[in-house]
Amino acid sequence: MNQHNGLRRKLEKYAIPNLTLYLIICYGIGYLMQYLVPAGYQYLMLDPFLVLKGQVWRLVTWILIPPDSSNIFFVLIMLSA
């Protein structure tokens, strides 16, 4: 148990506080963009071919892409957590 606590203290400085909250916010923004601006939504997707052609913003904006909305149960759990 002591070894586990030592490892936790060493790795704790690299943790991002409130990471799940940030993911939920990004999913919420992604859902809003998906319904409000469906034509611009395609520019957020991670496409390696287009990244190599110079569209480097796709390396960051793919975080806004929410999971498939067909499973509404999963969506509700993610946004309420």
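User: Is R58 buried or exposed?

Analyst: Buried means under 20% relative accessible area, exposed over 50%, and partly exposed in between (1.4 Å probe, protein chains only). R58 has a relative accessibility of 4%, so R58 counts as buried. This is a predicted model, in which local features need pLDDT of at least 70 and side-chain atom pairs count only at pLDDT 80 or more, while totals for chains, interfaces and linings use all residues. Residues are numbered from 1 along each chain as its sequence is written, and side-chain values use heavy atoms, with hydrogens and water left out.

User: Where does R58 sit, and which residues is R58 in contact with?

Analyst: R58 belongs to helix α4, residues 58-61; helices here are DSSP runs of H or I with at least four residues, strands are runs of E with at least two, and both are numbered from the N terminus. Contact means heavy atoms within 4.5 Å. Beyond its neighbours within four places in sequence, R58 is in contact with Q42, Y43, M45, L46, D47, L50 and V51. M45 is 13 residues away along the chain, with a C-alpha separation of 6.3 Å.

User: Which polar atoms does the side chain of R58 lie by?

Analyst: A polar contact is a pair of N or O atoms within 3.5 Å; within protein, one must be able to donate a hydrogen and the other to accept it, and residues adjacent in sequence count only if both atoms are side-chain atoms. For R58, a polar side-chain atom lies 2.8 Å from the backbone oxygen of M45, and a side-chain to side-chain polar contact with Q55 spans 2.6 Å.

User: Where is Q42, and how accessible is Q42?

Analyst: Q42 lies in the loop between α2 and α3 (48-52). Its relative accessible area is 46%, so Q42 is partly exposed. The Q42 side chain reaches the backbone oxygen of A39 at 3.5 Å. Q42 and I65, 23 residues apart in sequence, have C-alpha atoms 9.7 Å apart.

User: Which residues of α2 are buried, and how are they arranged?

Analyst: An α-helix has 3.6 residues a turn, so residues three or four places apart point the same way. In α2 the buried residues are I24, C26, Y27, G30 and Y31. Viewed down the axis of α2, these fall within an arc of 160 degrees, taken from the directions from the axis to the C-beta atoms, so they line one face of the helix. L32 and L36 are exposed on the other side of α2.

User: How many helices and strands does the chain have?

Analyst: There are 5 helices and 0 strands. Of the 81 residues in the chain, 17% are buried.
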